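Look at the model below and follow the text along the chain.

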Amino acid sequence: MQTRKKYILLTFLASWLLLFFFGGDQLRRFAFFPGRKAAARRNWPRWTDRSLLKSFADPEEPQGDGDPAPLSPRERRAAWLSSYRSSRCRMETCFDFSRCERHGFKVFTYPQERGQPVSETYGKILSSIERSRYRTLRPEEACLFILSIDTLDRDRLSGQYVRDVDEKIRGFPLWNGGRNHLIFNLYSGTWPGYTGELGFDTGQAILARASFDTLSFRPGFDVSIPLFSKEHPQRGGDRGRLRRDSVPPRKKYLLVFKGKRYLTGIGSGTRNALHHIHNGKDIISLTTCKHGKDWQKHKDTRCDKDNVDYERFDYQELLHNSTFCIVPRGRRLGSFRFLEALQAACIPVLLSDGWELPFSEAIDWGKAAVVGSERLLLQIPSAVRCIRPERVLAFQQQTQFLWDAYFSSVDKIVHTTLEIIKDRLSPHRARSRFLWNALPGGLLVLPGFSTHLGDFPFYYLQHGYSPSKKFTALIRAVSQAGSLSQPMLRLIQAVSGSQYCAQIVVLWSCEKPPPPSGKWPQSTVPLTIIQGRRKLSDRFLPFGAIQTDAVLSLDEDTSLSTSEVDFAFSVWRSFPERIVGFPTQSHFWDPERGRWGYTSSWTNELSIVLTAAAFYHRYYHSLFSEYLPAGLRELVDGLAACEDILMNVLVAAVTKLPPIKVTQRKQHKEGVARQADRRFSQRQDCLDQLADWFGYMPLVSSRLRLDPVLFKDQVSVLRKKYPSLEK
């Protein structure tokens, strides 16, 4: 008897061991085996505690309204295995870091094959990568590879479904089982189940997918992207409805939804229940049955009335006049409505259980969206009414920031995906979650510049930092004589006389070598000579000699006094994220020619401060040289007098703020005006090409000029700090 019990016990233990080793992935789905998937679900941003809200239906209660019968365990596992055979993939196990060590983060796109068309949307994605600063034409330099095969639509019923993908990718010599490859996908699965199946073996490739579910998502490896339409702009994109730091008017509706009501199939349960929350006053929930080929076949008693009510309201009007917008799941977890709500500053109320939110690795959606539960739908109205007005405003402002920073164009969606993957290569230098969720956004903060917030010009006020109390003067010399001109000698003496000047750096961009050290004027600050490459963009290189936060950019023929320099620097220290300077220009839209124009007329309107005499933060040198693609810098080098316009466009695109003009002497203004007139046509062409490159016009106009206290007041000069500025 004892022997029999012993054998039974051994058999039981052996069975458990076999189950653990060969069925461990299934065990992790249970509550008593918390694993990676459960951890991913716990990290979802929740605006309230689920335990405080009671479900209207018990877990055992069957769900009606046409929900399809669930797949059997065998069918679920077969679908899961076919799509995610490498479900254990991590960057450490399925990514070759050695490919990125020598040449850095470079991306190679496969050459387009003849007779292999791609969709308009996938063409935009490939174009975004080709315009990226990470693109390389040499596969041996690449860290990441992108297929030329269109994998966006993997619905077998779609006309854009590409067949025999497995056979095609196996013929690629660079495929290597998918290692170091990135695959983009917007639509997966087909009727009726809409599973995550892509129809080919992705191997060890990273998936950038829309409608990612938390069970199949591999944290730290895959990237969840938003679902966007083929009309989504390539670059630029429309701005959000809410301007920065503005308070929106009180909106007419509290909560709205207008969309399809699925009569049968997956996703029908949630949308069929939305009519319960409609009150016809501040909560509008409208659905229509008129979609699909056989909607009349499944028509129910509500359809006729729903269809009539549906036509009474305009979708865009509802979107822009509501505080909250319901974003339920469709056939798949994601929908176009998500981005539409973000742009309209309508706080998304997400009803899509199990959806891995877009870029959740970086974005804190708890600050911009309400993540609800499909089972708690009827409690959504009372829940959103409890959110305080100041919290609602914070939500709305964050939706606008996220839309503009990461979602307004295909370029931004693709670049955000690449930057998230790049951050994984060097976790010690990766952007923090704060940088991703605060202005100006993760794409515009280069971790290679610094990991300390105080080194960037954007976070001084938020964290109590202040810029350094000294500046570096950077003088660009282009004289063909090869000798020191009198204007340059006077400029060095005036700048070195400033109490705030730490050093002077001369960028020598002349054909002849610079004069010997004995020919340079004596100054109280160090003088450094740097040999340039005779390119216009050289003046914005991140020179190691510049150690101060502030840079005073100067041309060799600029005429400034010490008082002008001191006052301008004191103004810049109050606005370290902006360009502060003396000569200004402005842009305008020419409706007759249908293009952007540039004017050097001296008016109260300004949008450009020329870098012939301007202060700015040295971080913009790194952004100019490392953030902007090489093609844009080559464009600037090919057009005379264009580099300072590009710097203004870059700073305006980052800050969404205009530059600041400070007091200047009259003779300095006239000299710059004559110089600007000679290059007017070149600057006009430059401005128009930059607007086309960015996809919109980033420059912001202003009428602000800052003068010293008592400037030109009828008081004694002894009471004025900068009396020489009035001469």
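A residue counts as buried if its relative accessible area is under 20%, and as exposed if that area is over 50%. The model shown is predicted. C325 has 2% relative accessibility, so C325 counts as buried. C346, with a relative accessible area of 0%, is buried as well. A disulfide joins C325 to C346, with 2.0 Å from S to S. C325 lies in strand 10 and C346 in the loop between helix 11 and strand 11, so the link ties together parts that are 21 residues apart in sequence.

The structure holds 5 disulfides. Another of them joins C100 to C143, and an angle of 65 degrees about its S-S bond makes this link right-handed. The two cysteines sit in loops and are 43 residues apart. A further disulfide joins C289 to C303. Its torsion about the S-S bond is about -90 degrees, so this disulfide is left-handed.

Strands of a sheet pair through backbone hydrogen bonds, either parallel or antiparallel. Here 8 strands form an open sheet in the order 15-14-13-16-21-17-22-23, with mixed pairing. Strand 15 and strand 23 stand at the edges with a single partner strand each, so one side of each has no neighbour in the sheet. Strand 22 and strand 23 pair in the parallel sense over 2 bridges, and V662 stands opposite L706 in strand 23. Helix 17 lies across strands 13, 14 and 16, and runs at about 175 degrees to strand 13. Helix 18 lies across several strands, including strand 21, to which it runs at about 30 degrees.

Key. Residues numbered from 1 in each chain as written. Predicted model: local features only at pLDDT ≥ 70, side-chain atom pairs only at ≥ 80, totals over all residues. Heavy atoms only, no water. Pairing = 2+ DSSP bridges. Helix = DSSP H or I, 4+ residues; strand = E, 2+ residues; numbered from the N terminus. Contact = heavy atoms within 4.5 Å. Axes fitted to C-alpha atoms, helices over the stretch in contact; angles between N-to-C directions. Disulfide = S-S within 2.5 Å. Buried < 20%, exposed > 50% of the residue type's maximum accessible area, 1.4 Å probe, protein only.
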